[in-house]
Amino acid sequence: MTPITPGAIYEHVKTGGRYRLIGVGKHSSDLSEFVVYESLYEHPVSKLWIRPLAEFVGEAKSPDGSFHPRFRLVKE
């Protein structure tokens, strides 16, 4: 698994949106891990986001069919 750094800035590779990683939390019922991150731009829906850790560090499929990391580290 790709190591992640709380406080670091990550970029969503597909959209280009930048986010500050707040940390990793546990779901209360099954202890699965979720990433908590903050958008660094004005988003009309929410400023704070959560995503399963495996999804945050995993790959996403591009419209052209290739796979790439969903988020990339921009600044520690």
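The following legends describe close-up views of a predicted model of a protein.

**Figure 1. Overall architecture of the protein.** The predicted model contains one helix and seven strands. Read from the N terminus, the elements follow the order β-β-β-β-α-β-β-β. Along the principal axes, the C-alpha atoms of the protein fill a box of roughly 40 × 25 × 25 Å. Of the 76 residues, 29% count as buried. The accessible surface of the protein amounts to about 5000 Å², and 56% of this area belongs to carbon and sulfur atoms. Among contacts with a separation of 6 or more, 31% are made by residues 24 or more positions apart.

Figure 2. Strands β2 and β3 pair in the antiparallel sense, and seven bridges connect them. Together, β2 and β3 form a hairpin with six residues between them. Within the turn, Leu 31 has a positive phi of about 60°. Strand β3 also runs antiparallel to β4, to which it is joined by five bridges. Val 35 can be followed across both pairings: Val 24 stands opposite Val 35 in β3, and Val 35 in turn stands opposite Arg 51 in β4.

**Figure 3. The salt bridge between Arg 72 and Glu 11.** Five salt bridges are counted in the structure. In one of them, Arg 72 pairs with Glu 11, and the closest N and O atoms are 3.0 Å apart. This pair links distant parts of the chain, since Arg 72 belongs to strand β7 (residues 71-75) and Glu 11 to strand β1 (residues 9-12), 61 residues apart.

Figure 4. Side chains of opposite charge can pair when their charged atoms come close. Glu 38 forms a salt bridge with Arg 20, with 3.6 Å between the closest N and O atoms. Glu 38 lies in strand β3 (residues 33-39) and Arg 20 in strand β2 (residues 18-26), and the two are 18 residues apart. Arg 20 counts as partly exposed, at 33% relative accessibility. A further salt bridge joins Lys 26 to Glu 33, the closest N and O atoms being 3.4 Å apart. Lys 26 has a relative accessibility of 54% and counts as exposed, while Glu 33 is partly exposed at 34%. Elsewhere, salt bridges that share partners join Glu 11, Arg 18 and Arg 72 into one network.

**Figure 5. Aromatic pairs around Tyr 19.** The whole structure contains seven aromatic pairs. Tyr 19 and Tyr 37 form an edge-to-face pair, with 5.1 Å from centre to centre and 85° between the planes. Tyr 19 is in strand β2 and Tyr 37 in strand β3, so the pair links parts of the chain that are 18 residues apart. Both Tyr 19 and Tyr 37 are buried. Tyr 19 also forms an edge-to-face pair with Tyr 41, at 5.8 Å from centre to centre and 75° between the planes. Because Tyr 19 lies in strand β2 and Tyr 41 in the loop between β3 and β4 (48-52), this second pair ties together parts that are 22 residues apart in sequence. The relative accessible area of Tyr 19 is 9%, which places it among the buried residues; Tyr 41 is partly exposed, at 30%. Ring pairs link Tyr 10, Tyr 19, Tyr 37, Tyr 41, Phe 56 and Phe 71 into a cluster.

Figure 6. His 12 lies in strand β1. Is His 12 buried or exposed? At 12% relative accessibility, His 12 counts as buried. Leaving aside residues up to four places away in sequence, His 12 touches Gly 17, Tyr 19, Arg 51, Arg 70 and Phe 71. Two of these neighbours, Tyr 19 and Phe 71, also belong to the cluster linked by ring pairs.

Terms used. Residues are numbered from 1 along each chain as its sequence is written. This is a predicted model: local features need pLDDT of at least 70, side-chain atom pairs count only at pLDDT 80 or more; totals for chains, interfaces and linings use all residues. Side-chain values use heavy atoms; hydrogens and water are left out. A salt bridge is a side-chain nitrogen of Lys or Arg within 4 Å of a carboxyl oxygen of Asp or Glu. Helices (H or I, at least four residues) and strands (E, at least two) are DSSP runs, numbered from the N terminus. Buried means under 20% relative accessible area, exposed over 50%, partly exposed in between (1.4 Å probe, protein chains only). Rings of Phe, Tyr and Trp (its six-membered ring) pair if their centres lie within 6.5 Å; planes under 30 degrees apart count as stacked, over 60 as edge-to-face and the rest as tilted. Contact means heavy atoms within 4.5 Å. Two strands pair if DSSP finds at least two bridges between them. Accessible areas come from the Shrake-Rupley method with a 1.4 Å probe; for residues, only the protein chains shown count as cover.
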